[in-house]
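Please look through the sequence and the 3D structure below before reading on.

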Amino acid sequence: MALEKYKAKRNFKESPEPAGDTKLAAERAKKAKGATPRFFCVQKHLASHLHYDFRLEHNGVLLSWAVPKGPSLDPATKRLAMMVEDHPIEYGTFEGVIPSGYGAGIVMLWDRGTWTPDVDDVEAALKKGDLKFTLDGFKLKGSWVLVRTKGKWSGGGDRSWLLIKHRDDWAGDVDIAEFAPLSVKSKGDFADILAEGNPDIWISHRPASGGEAGAMFEKIITRALGMRGATGAKGATGAKGASEGAKSAKSAKRAVNAKRAVKRPATKRKSSSPARARAAKGAR
Ligand code: MN
């Protein structure tokens, strides 16, 4: 279990992230052997930059890759995936606010389910830099591959991989990150997750102030503060709180709709192009 790097980067007195239970890791390592289904998740992480953390359970930990643009359902679109430190199994259900330090920002559980390696020997596939597998999540399904690029991408070294969708019924040209942006855990967006916690923490020192991430934080913090104001102090917050409260209800409705849209294809696996069917339904 290689969680030394994970632990060294974090202060668990400051961060709500799980520290990692070695007993649980050992139990999980025993169960998930060979080409059997294991846990996988994708966490959408708004930190200094927005990215998607792709995690596959193996040997008692979550192998992890940071995918800046997120997974693509289009087999022609290869997405850069930077291998990062192994994460504890418990991280797979984590969603919340990292107030400061490493990874400071908001973590959303964007997808989860099981992954099944195509081969028995996952270690050998990793070593070779060619890991083929099948995903069964809410948003990501079907056949995929992670291929190491051997430093072909700038500054990558051997941490640089590509995440690629194979051509099958679950491939398509729908932009899944845009089409299904919300949490599979809370059904909320980043502002909902922040409002659940403590939106005040970043009034002066937010995790990113410039660029695209900074602009996103700006909006999300304002909306989270408004939501909290609307629910926390009835009448006392005045017009601003009330209007932000209305927005929060709208976002909840959005979440429900997205959840329905995402769950629907799971019962219609025989459909010839589920991705396109999803897109069509979403457009209505
Ligand atoms: Mn991350």
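Predicted model: local features only at pLDDT ≥ 70, side-chain atom pairs only at ≥ 80, totals over all residues.

Residues are numbered from 1 along each chain as its sequence is written, and side-chain values use heavy atoms, with hydrogens and water left out.

**The chain as a whole**

- The secondary structure of the protein chain comes to eight helices and nine strands, where helices (H or I, at least four residues) and strands (E, at least two) are DSSP runs numbered from the N terminus.
- The protein chain has 284 residues, of which 48% count as buried; buried means under 20% relative accessible area, exposed means over 50%, and partly exposed lies in between, with a 1.4 Å probe and protein chains only.
- If we take contacts in the protein chain between residues at least 6 apart in sequence, 63% join residues at least 24 apart, a contact being heavy atoms within 4.5 Å.

**The manganese site**

- The manganese ion is coordinated at 2.2 to 2.3 Å by H45 through ND1, by H51 through NE2 and by D53 through OD.
- Donors are N, O and S atoms within 2.8 Å of the metal (3.2 Å for Na, K and Ca), and sites may look incomplete because water is not among the atoms.
- Along the sequence, the donor residues of the manganese ion follow the spacing H-x5-H-x1-D, and both H51 and D53 are buried.

**Strand β7 and its partners**

- Strand β7, residues 130-137, has a covered face made of L131, F133, L135 and G137, and an uncovered face made of D130, K132, T134 and D136.
- Strand β6 (residues 105-117) runs antiparallel to β7 and is joined to β7 by five bridges, with T114 standing opposite D136 in β7; two strands pair if DSSP finds at least two bridges between them.
- Strand β8 (residues 141-148) also pairs with β7 in the antiparallel sense, over seven bridges, and F133 stands opposite W144 in β8.
- A hairpin of three residues joins β7 to β8.

**Salt bridges**

- Side chains of opposite charge can pair when their charged atoms come close.
- The structure holds eleven salt bridges, each being a side-chain nitrogen of Lys or Arg within 4 Å of a carboxyl oxygen of Asp or Glu.
- K132 forms a salt bridge with D130, the closest N and O atoms being 3.2 Å apart; K132 is partly exposed at 36% relative accessible area, and D130 is partly exposed at 24%.
- D189 and R223 meet in a salt bridge at 2.4 Å, N to O, and this pair links distant parts of the chain, with D189 in the loop between α4 (176-179) and α5 (190-196) and R223 in helix α6 (residues 211-232), 34 residues apart. Both D189 and R223 are buried.
- E218 forms a salt bridge with R206, with the closest N and O atoms 3.0 Å apart; E218 lies in helix α6 and R206 in the loop between α5 and α6, so the pair ties together parts that are twelve residues apart in sequence. E218 counts as partly exposed, at 43% relative accessibility.
- Salt bridges that share partners also join K9, R10, E17 and E85 into one network.
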